[in-house]
Amino acid sequence: MSWGTELWDQFDNLEKHTQWGIDVLEKYIKFVKERTEIELSYAKQLRNLSKKYQPKKNSKEEEEYRYTSTRAFLATLNEMNDYAGQHEVISENMTSLITGELTRYVQELKQERKSHFHDGRKAQQHIETCWKQLEASKRRFERDCKEADRAQQYFEKMDADINVTKADVEKARQQAQLRHQMAEDSKAEYSSTLQKFNSEQHDHYYTHIPNIFQKIQEMEERRIVRIGESMKTFAEVDRQVIPIIGKCLDEITKAAESIDHKNDSQLVIEAFKSGFEPPGDIDFEDFTQPMKRTVSESSLSNSRGDGKSEPKFGGKSKGKLWPFIKKNKGAGPEDFSNLPPEQRRKKLQQKVDELNKDIQKEMDQRDALTKMKDVYIKNPQMGDPASVDHRLAELGQNIEKLRIEVQKFEGWLAEVEGRLPMRTEQARRQSGLYEAQNSSAVNSCAQDRESSPDGSYTEEQSQETEMKVPATDFDDEFDDEEPLPTIGTCKALYTFEGQNEGTISVAEGEMLYVIEEDKGDGWTRIRRNEDEEGYVPTSYVEVYLDKNAKGAMTYI
C-alpha cells in the first residue's frame with residue numbers, strides 16, 4: 001500500500017488532504033489550550049471560594065473554630081485550596097507536554113510538507129518541459145517533411161518542362177535534396193527527443209513521483225501517530241493527579257470523621273457556664289392587708305401622620321427639557337424625538353444594539369486583562385500585576401456608564417413601542433409637540449409618570465393618560481377647515497416617503513409652499529396644492545420664508 005503507486009495522478013488531492021491533516025492538528029491544539037484555560041479558571045474560582053470562607057484574623061470567627069465541626073470545615077477549605085492546585089498542575093502539564101510540543105511539531109510539519117510538494121511541482125514542471133520539447137521537435141519534423149515534398153514536386157515539374165534551362169533544373173534539384181536532408185535531420189532529432197521523453201516520463205511516474213509521494217505518506221502517518229500520542233498524554237496528565245486529589249478527598253473525609261458532637265457540647269458548657277446554683281423556691285406573699293397603690297401618670301404621645309405632602313403642580317422644572325426640544329441645530333435630540341415613530345424606533349433599536357456591542361467589547365477587554373494579570377501574578381518576571389489595575393478600573397467605569405446608557409435608550413424604545421399603536425390626532429406629526437402645547441393642562445397627570453433626567457417619558461406613561469388630555473386651541477387650529485396662508489416656499493433636498501399619517505411624500509428637487517415653519521420639533525408643514533399638505537422633516541428641505549411673514553427666517 002503505497003501512495004506513490006496507487007495515487008500517482010492525485011497530486012492536488014494529496015496536497016488538500018495533508019493541509020486538512022495540519023488543520024486537524026491545529027484544531028486539537030486549540031482544544032487543549034481551551035481546556036487549560038478552563039482548568040486555570042476553575043482553580044482560580046476554587047481558591048477564591050476557599051479564601052472567601054476562611055476565618056478573618058482577630059475576629060469572632062476565629063473563636064468559633066475551636067469547635068470540631070468548624071475545624072473540620074476549615075480543613076475542608078484548606079484541602080479545597082490544594083485541590084485547586086492540582087487543576088493548575090493539569091493546566092501546566094497540558095501546556096508544556098501537549099500544546100507546546102505540538103505547536104513546534106506543526107511548524108516543522110508545515111516546512112516538511114512545503115518541501116515535498118515543492119519537489120513534486122518541480123518534477124511536474126520538468127516533465128511538462130520535456131513534453132513541450134517533444135511537441136516542438138515533432139512539429140518541426142512535420143514541417144520539414146512537407147517542405148521537402150513541395151521541393152521535390154517543384155523539381156519534377158521543372159525537369160519535365162522543356163522550356164526551362166538546365167541551370168534552373170539543377171537549382172531545383174539541389175533545393176529538393178537540401179529539403180530532404182533537413183527532413184532527415186528533423187526526423188533524427190524527433191526520434192532522439194521522443195526516446196528521451198519516454199525515458200524521462202518513465203522515471204517521473206515510476207521513480208521521482210513515487211519517492212516524493214512515499215515521503216508525503218510517511219509524513220502524514222507520523223502526524224497521525226503524533227496526535228494519537230498527544231491524546232494519550234491528555235488522559236495521562238489527568239490520571240497523574242488523581243492520587244493527590246484522592247488524598248485531598250480522604251483528608252476531607254478524615255476531617256468530617258473527626259467531628260465530636262460530645263466534645264462540642266462540652267465546649268459550649270465551658271464557654272457559657274456561669275457557675276451559679278439554680279434559684280430556690282419562692283416564698284408566699286400575703287396580699288390580704290390593704291395596700292396603697294400609686295398610679296403612674298401617663299400621657300399619650302401625639303401621633304404624627306405619615307401622610308406625604310401633596311405634590312405641587314403648575315410649574316415645570318427649569319432644568320428639564322422635553323424630548324421634542326432641539327438642543328442644537330446640527331445634531332438631533334439624543335432620543336431621536338425629531339423623527340417619526342417608526343424611524344425613531346429603528347434608530348433607538350440600532351443605538352441599543354451598538355451600546356450592547358460596546359459593552360461586550362469592553363467586557364472582553366476586561367476579561368483579557370484579568371487573565372493577563374493572573375499570568376503576571378503567577379509569573380512576576382513577565383510583568384507587574386499592578387500595571388493593569390488602572391486600566392481594569394477604567395474598563396469597569398466604562399461598562400457601568402454604557403449600561404446606564406442602554407437602560408436610558410431601552411426606556412425610550414419601550415415608550416415608542418408602547419405608544420405606536422395608539423396615537424392622538426396631533427401625533428401625526430411624530431413628535432412631542434402635542435404634549436408640549438398641552439403641558440399646562442396635564443401637569444397633574446404628568447406627576448404620575450416617571451421621566452428620565454433628560455426629560456423623556458418612561459414606559460409607565462399610559463394610554464389613559466394620553467386620552468384624558470383636554471382639547472385646546474391648538475387642536476382647533478389643527479382641525480380648522482380654513483386653509484393656512486402661505487408664508488414661503490421650499491425646495492426638497494432629498495426624497496422623503498411620507499408613510500405615516502400626517503406626513504407628505506416629496507421628491508428631490510421639488511418646489512413646494514410652506515404654510516407652517518419648524519416650531520422646534522424638527523418638522524415643517526408644507527402644501528403641494530389645495531388638497532395635498534402635510535409635514536416633512538425640516539432637514540429634508542431648504543426653506544425660503546417671505547420677509548414680510550412674522551418671525552420669518554431662511555434656514556436649511
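Two strands pair if DSSP finds at least two bridges between them; helices (H or I, at least four residues) and strands (E, at least two) are DSSP runs, numbered from the N terminus. The views below come from a predicted model, in which local features need pLDDT of at least 70, side-chain atom pairs count only at pLDDT 80 or more, and totals for chains, interfaces and linings use all residues. Residues are numbered from 1 along each chain as its sequence is written, and side-chain values use heavy atoms, with hydrogens and water left out.

**View 1. Here is the meeting of β2 and β3.** Strands β2 (residues 511-516) and β3 (residues 523-527) run antiparallel and are joined by 3 bridges. Look for glutamate 516, which sits opposite arginine 525 of β3.

**View 2. Step back to the open sheet.** Its 5 strands follow the order β4-β3-β2-β1-β5, with antiparallel pairing. At the edges stand β4 (533-537) and β5 (541-545); each has a single partner strand, so one side of each is left without a neighbour in the sheet.

**View 3. Now for α2 beside α5.** Helix α2 and helix α5 (residues 166-257) pack at an angle of about 15°, their axes 11 Å apart (axes are lines fitted to C-alpha atoms, for helices over the stretch in contact, and angles run from 0 to 180 degrees between N-to-C directions). That makes α2 roughly parallel to α5, a term for angles under 35 degrees. The contact of α2 with α5 comprises 15 nonpolar, 4 polar and 4 charged residues (Ala, Val, Leu, Ile, Met, Phe, Trp, Tyr, Cys and Pro count as nonpolar, Asp, Glu, Lys and Arg as charged, and the others, Gly among them, as polar).

Key
Angles under 35 degrees count as roughly parallel, over 145 as roughly antiparallel, 65 to 115 as roughly perpendicular and the rest as oblique.
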